[in-house]
Amino acid sequence: MGYPILYSFRRCPYAMRARMALSVSDQTYEIREVVLSKKPPELIDLSPKATVPVLQLVTGQILEQSLDIMRWALEKHDPFGWLEPEYGTLCDMLKLIKKADGDFKYNLDHYKYVQRYKNVDPLFHRMEGELFLRLLDEILGQYNYLFGSRPSLADYAIVPFIRQFANTERKWFDELRYSSLQKWLDDLLTNKYFTAIMNKYPAWQTGDKPIIFANNFRE
Ligand SMILES: N[C@@H](CCC(=O)N[C@@H](CS)C(=O)NCC(=O)O)C(=O)O
């Protein structure tokens, strides 16, 4: 019996969220590190849009959206109730994630990757992105995590994007007066679910010996 195959890119925030959910749900999978400028033909064959992450299940089914991969893994095994937050519902979490993946991601890209776009003012997009940071800080001031006193799907799905935004100009971020958000970011990035998925792997090529990721969090 084989394992599911994850096409991933270490620094991609979408791939990070997928890897965190696969890990917490104790999935063993083959990881294929992709170089985005040189995508393997196997990935393009499976998923012509060829973004990462893509998960090929042993049944042959393909999951090509990071949130679908998270939900697939957690529906199999969700030891810490990521899909069942303390407050609110899965639907509420998906609404907040949609804001992160929509406007916030747009502003993040136009702030961080300004050279990719024409006539873009990165400071305008930093300011627009900051509105989402403020919203999160307000929520986190109440509960410590986005949907209660323990982290859930929303925290893990959103944190890789806040990390990128924060790291774009770290000094600016550190000087913001969003102490609940800063503490949350620090907490999630130093916890084992994040650090365990940041291993470095060589780029995968056809014929390589499979790299099996079997890290799980059983003590
Ligand atoms: N909606 C997709 C977005 C994935 C995505 O855009 N990934 C980026 C890397 S972070 C990518 O693969 N871009 C394709 C490219 O750069 O060629 C998901 O949630 O999985």
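Helices (H or I, at least four residues) and strands (E, at least two) are DSSP runs, numbered from the N terminus. This is a predicted model, in which local features need pLDDT of at least 70, side-chain atom pairs count only at pLDDT 80 or more, and totals for chains, interfaces and linings use all residues. Residues are numbered from 1 along each chain as its sequence is written, and side-chain values use heavy atoms, with hydrogens and water left out.

Q: In which loop is the place of D26, a residue with a positive phi?
A: D26 is not a glycine, yet its phi is positive, at about 65°. Its place in the chain is the loop between α1 (13-24) and β2 (29-33).

Q: What is the phi of A50, a residue other than glycine?
A: A50 belongs to the loop between α2 and β3. Although A50 is a residue other than glycine, its backbone has a positive phi, near 50°.

Q: How many charged residues does the shell around the ligand have?
A: The ligand is surrounded by C12, P13, Y14, L36, K39, T51, V52, P53, Q65 and S66, a residue being near when one of its heavy atoms lies within 4 Å. With Ala, Val, Leu, Ile, Met, Phe, Trp, Tyr, Cys and Pro taken as nonpolar, Asp, Glu, Lys and Arg as charged, and the others, Gly among them, as polar, the shell has six nonpolar and three polar residues, and the number of charged ones is one.

Q: What share of the ligand's accessible area does the protein cover?
A: Polar contacts here are pairs of N or O atoms within 3.5 Å; a polar side-chain atom of K39 lies 2.6 Å from a ligand oxygen, and a polar backbone atom of V52 is 2.8 Å from an oxygen of the ligand. For S66, a polar side-chain atom lies 2.6 Å from an oxygen atom of the ligand. On its own the ligand has 510 Å² of accessible area (Shrake-Rupley, 1.4 Å probe), and the protein covers 70%.

Q: Which residue forms a salt bridge with E75?
A: Side chains of opposite charge can pair when their charged atoms come close. A salt bridge requires a side-chain nitrogen of Lys or Arg within 4 Å of a carboxyl oxygen of Asp or Glu, and the whole structure has eight of them. The closest N and O atoms are 3.9 Å apart, and the partner of E75 is R71.

Methods. A polar contact is a pair of N or O atoms within 3.5 Å; within protein, one must be able to donate a hydrogen and the other to accept it, and residues adjacent in sequence count only if both atoms are side-chain atoms.
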